[in-house]
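Q: I have just opened this one and would like to go through it step by step. Could you walk me through it?

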Amino acid sequence: MEPGPGAGQCDQCVGPIAVGDAPPGAQGRGVSEVLRERPRASGLAPRGIVAPGDRVRWMGGQYTVSALSGTTVNLVPAAGSMTPPITAAIQFLAVAEDFAVLDETGRPLASGPFPNWAMLEGVSPDCARDARLWQRHVIEVDTGLLPDVPEGSSPREGYDPDRFTLVERYQRKAAELSAVLDWKVSWKTVQRKRLAFRRDGIWGLVDKRCTRKSTLHGRTDARVVDLLLALHERQAKEQAATDARTLFRSLRRAARAALGPGVKVPADPTLYALLKRLGIHALQLRDPTRRRKDRFNRPAPPFGVSTATAPGELVQVDSTALDVKVLGDDGRPTQVELTAAIDVFTRSIIAAVLRPKTPGRRKTRQQTRALLSTGTSQGRATKAVDASLLLALCMVPAPMRPGFDAAASAARSDLPYEELLEVDARMEHAAARPVIMPETIVIDHGTVFAGQTFFDACSSLGITVRPARKRTPTDKAIVERTFESIKSLFSQRVNSYTGRDFSRRGKEIAPDQLWTLQELDDLLQEWIAIGWQARPHEELRSPYEPNLPPLTPNQVYAAGVQAAGYVPIPLGFRDYLELLPTAWVGVRDDGIRFKNRTYDNFKGEFEKNEIRNKPSGLKGKRRDGWELRYNPYTPEQVWLRDHRSDEWITAVFKHQHLIGAPWTQHLWETAASEHVARGGRHTDDENIAQVLDELLERAGCGPDEPGVVSVPDGYGPLPGLDAGWVPPGEGGFDPFAGAAALDLDALGPLTVLELGETSLYAPDAPSPADAADPALGRDTPGHTAPKAVPILADLDDLDDGLDNAARLLLDLPAETDSPHEDLS
């Protein structure tokens, strides 16, 4: 409680003081001189500013400032000290660690902060103007003089510190502001402004109502807001989907139990507005659990960008559905799954593998028993061996396949073809896709990469694996965005594109033409070389010249390989086998029993190496078993390793001669289920092989007989336009009526579905240079296009450096041992 007018009182302490608090003779001098010579009772002396008569501490001793001359300070030691007087520059005093200005009791005075003038830029112009006006008035009340007055000026009436107390000056200033500026100001307001100015500078004079910020929750109790967020997070992660009203009812019950009945929870309209301000959409509360969890798995800021400084330094690998239906190997339409590796530095698709994806369907009891007995699942998708194959494809040049456009060749691309050809002869017939050896691979926690096979393959190749955080796709955002580009630039232009949902599908899908998986893979590999590697990428701009157009992945690789270099890595037979899955088996009299099939070596190598009916001697989980490598996509043969001599022995399926076409493990499971449904046993591999051959023959020949399609009434052709017109509702419509009968036996089995268009791209008009090049295979006047057989024969004669195991991994034809050779 402050005393009334007329009684002097200090603003910093309680107790009466003398009239005036300025030293004698202060009238008529500048404000800076008065402030400098006034006693430092407030304890706000700026650091490094001294005045004559001050006691200071410096270099372990105490001195008295006797005089100031420019930047030189004369220091007199304390009484009784033997130290002579010292003359020093003021900058040496200010930088000393123990320098301080002392009060009458010998305690250091606190240093006041410099005023932050930049703070005024964050308030409105009117608020800043009022703060500067208050500064002038507060300085006059404090010193008796307005700022910037001429030298020798005298204080105005009522503001002389030698004649009037602070309270009287406060009252004088309050009356003046109320009369002149029409402000309703009391003398306590002037006092509060003066004290705030001495404590915080000009920022203390700013009206804090101009700096207030509205909160997200408004007037709602902060505890209620925290409880609402906690309930929403728990509902999103644990409970089932709900609506906003259920969330509000849970909030009211939790508020009564945890906060008591005195805490008020707003009405539903206010809570709806509160959800919106908190960034929670009311309709998203009904989303599935996985989608709600994805929103909460958003990483915390700050966000960064995945960067790399050389090709292969960082590679991201992932799998996704390609949204395209193809003709499966069993003759049925199936979805396709893409597994790709993306180089972060060049944004290149350095490898891509396509595999069929079939969801698990409900089976009969006998079929389910047959599948369980073989240790397999009902559906199929990308396997761990596909991820290992992806690593092998990254390190070998992509070959030019039959039917590729000439622009897909590496010789016609932006790659440094001549330099690469000098160190790697395999680049002669390579496609325009860079060869990059990964150093670090970022993977997710999918089943494809979670197995030990992928980690063993990376370890053998010297590749570091860095798993991403669970359910955090932003850790590998580049490969996720590349998948979206593949679907928008490639998948949407392929026949039988399904889209990820019905709203993204085309108007019509022609069901009579489906690409096979091999044909779609040819189209994808050609598009990667032409449509992706040669396409400018917006993220591939020069950091030094951002105004230049963006570069293509091949151009960035050409620049990066000049600095990082290129070392070819030839993969041999043993290297490919190291990438395959591993099993531990025994060798019996009849051979190796694996996946309910019997494999044997017909060259006598098992007897020669003393393996048959012999334990391997390997203990632990191996249990005296022999190491076996297998490929589920080419199960015709397996490879057994003799760890004593470090040799690989090839074993072939005993009943391979009964199967006349390539087959996979999935087709074997389908045939085993069909054989069990007929009453057979799942261990009868000979009969299952015959059923598998029948399945492949049916898939190659197509439907047994064409069906008859009935045309609804009103959808038939107009009368008179067709001679064979039948009135609607009378008879049926035969799409093969009038067609000549075909001799199916003369045609033979079809391995691929014949299509009229063999490429996604329309053939360009032949140029004179192309007409003279017989390798392009175009029909031009005066030139006969070469037949397909010689071209394929020439391609088979090329030395691509791939052995039989490598060709099997890359889905190329390979020679296998006949199961009946050397029987005599």
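Q: What share of the 824 residues in the protein is buried?
A: Buried residues, meaning those under 20% relative accessible area with a 1.4 Å probe and protein chains only, make up 39% of the 824. Please keep in mind that this is a predicted model, where local features need pLDDT of at least 70, side-chain atom pairs count only at pLDDT 80 or more, and totals for chains, interfaces and linings use all residues. Residues are numbered from 1 along each chain as its sequence is written, and side-chain values use heavy atoms, with hydrogens and water left out.

Q: And how many helices and strands are there?
A: The protein has 25 helices and 16 strands, taken as DSSP runs numbered from the N terminus, with at least four residues (H or I) for a helix and at least two (E) for a strand.

Q: Is strand β6 mostly covered or mostly uncovered?
A: Strand β6, residues 315–327, is mostly covered, since ten of its 13 residues are buried.

Q: Which way do β6 and β7 run, and what lies between them?
A: β6 and β7 (residues 333–343) run antiparallel and are joined by ten bridges, where pairing requires that DSSP finds at least two bridges between two strands.

Notes. Buried means under 20% relative accessible area, exposed over 50%, partly exposed in between (1.4 Å probe, protein chains only).
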